[in-house]
Amino acid sequence: MSAADGDRVARVLVADDQAVVREGIVMLLGLLPGIEVVGSARDGEEAVALTAELGPDVVLMDLRMPRCDGVEATRRIRDRHPGTEVVVLTTYADDDSLFPALRAGARGYLTKDAGGEEIERAVRDVIDGRAGLSPAVQRRLLERLIDRDGRAGRAERDGGDGGDGWGDRDDRDDRDGWGDPNTRGEPSVAGGGLGARSGASGGSSGPGVDGLTERETEVLVLVADGLSNPEIAGRLRISTATVKTHINNLFAKTGVRDRVQAVRYAYQHGLVRAPGRRVT
């Protein structure tokens with residue numbers, strides 16, 4: 001995933017209020033052939049100003065900064081500069097940090113224990129229109145979807161609305177990149193979303209749905225477990241390149257665009273009951 005592999009170099013701005021952390025991230029990114037650091041910001045205000053001046057492809061955004069925090073800076077950047085994507089890089093992965101950042105328009109979310117390869121992959125993913133999320137964040141999103149779907153089902157039986165405070169229309173942003181204006185922020189699948197697909201009723205369809213091979217189904221379940229490509233390769237004793245091939249094939253067959261949608265697909269088709277638990 002470098003310029004030598006045919007991808008253009010990604011121009012990245014780093015925003016973090018701690019000088020030693022900011023300089024360390026800049027130094028790390030400088031070692032990656034697919035990334036050019038075009039500037040660094042000490043807070044959200046400076047991040048917004050430098051985005052206007054430098055026009056980076058991606059801003060790596062800390063969340064808790066003075067003057068203007070990362071969520072507000074993300075919202076301003078996405079409103080004013082829709083060509084610039086935001087990947088959150090923070091110490092915190094709690095709901096109070098994660099979901100406001102995604103609502104504000106961030107398409108990537110990593111914690112600061114991420115390595116250079118994971119950061120480069122997230123940057124490339126958001127540039128290519130995919131979500132750049134760590135496996136832990138993918139699992140948290142799935143947990144929330146499970147909770148919300150469970151509440152919706154109970155509310156439907158009880159005659160309520162099933163709202164959980166996350167997906168209400170009042171605090172969603174049509175421009176956040178997580179769905180179309182009809183679903184308003186909920187991750188969707190090209191062609192109308194998972195609910196529009198034949199057989200996507202939330203019941204168990206078992207392996208073989210949408211023509212998936214047994215191996216592709218195994219890979220999909222491990223993606224839903226939150227494993228990275230190298231971890232899947234080790235688990236199945238195959239090469240990372242083979243894992244990528246299986247993932248590309250299952251994406252094409254199921255119509256999903258990224259790993260978050262693949263996780264939800266696995267859940268709705270009964271391949272997993274909860275994070276990390278395969279249906280047997």
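In this predicted model, the largest nonpolar core comprises 28 residues, and those with the most contacts inside it are Ala15, Val59, Met61, Tyr109, Leu133 and Leu141. At least two residues of this core are supplied by each of strand 1 (10–15), helix 2, strand 3 (58–61), helix 3 (70–80), strand 4 (85–90), helix 4 and helix 6 (135–158). Helix 4 gives the most, contributing five residues. In soluble globular proteins, nonpolar side chains tend to be buried together.

Helix 4 (residues 95–104) is itself mostly covered, with seven of its 10 residues buried. These buried residues are Ser97, Leu98, Phe99, Ala101, Leu102, Arg103 and Ala104. Just after helix 4, Gly105 adopts a positive phi of about 120°.

Asp43 is located in the loop between strand 2 (35–41) and helix 2 (44–54). Because its relative accessibility is 8%, and buried means under 20%, Asp43 counts as buried. A polar atom of the Asp43 side chain lies 2.8 Å from the backbone nitrogen of Glu46. The side chain of Asp43 is also joined to that of Arg67 by a polar contact of 3.0 Å. Leaving aside residues up to four places away in sequence, Asp43 touches Met65, Pro66, Arg67 and Cys68.

Conventions. Residues numbered from 1 in each chain as written. Predicted model: local features only at pLDDT ≥ 70, side-chain atom pairs only at ≥ 80, totals over all residues. Heavy atoms only, no water. Helix = DSSP H or I, 4+ residues; strand = E, 2+ residues; numbered from the N terminus. Buried < 20%, exposed > 50% of the residue type's maximum accessible area, 1.4 Å probe, protein only. Polar contact = N/O pair within 3.5 Å; in protein donor to acceptor, adjacent residues only side chain to side chain. Contact = heavy atoms within 4.5 Å. Core = buried A, V, L, I, M, F, W, Y, C linked by side-chain atoms within 4.5 Å.
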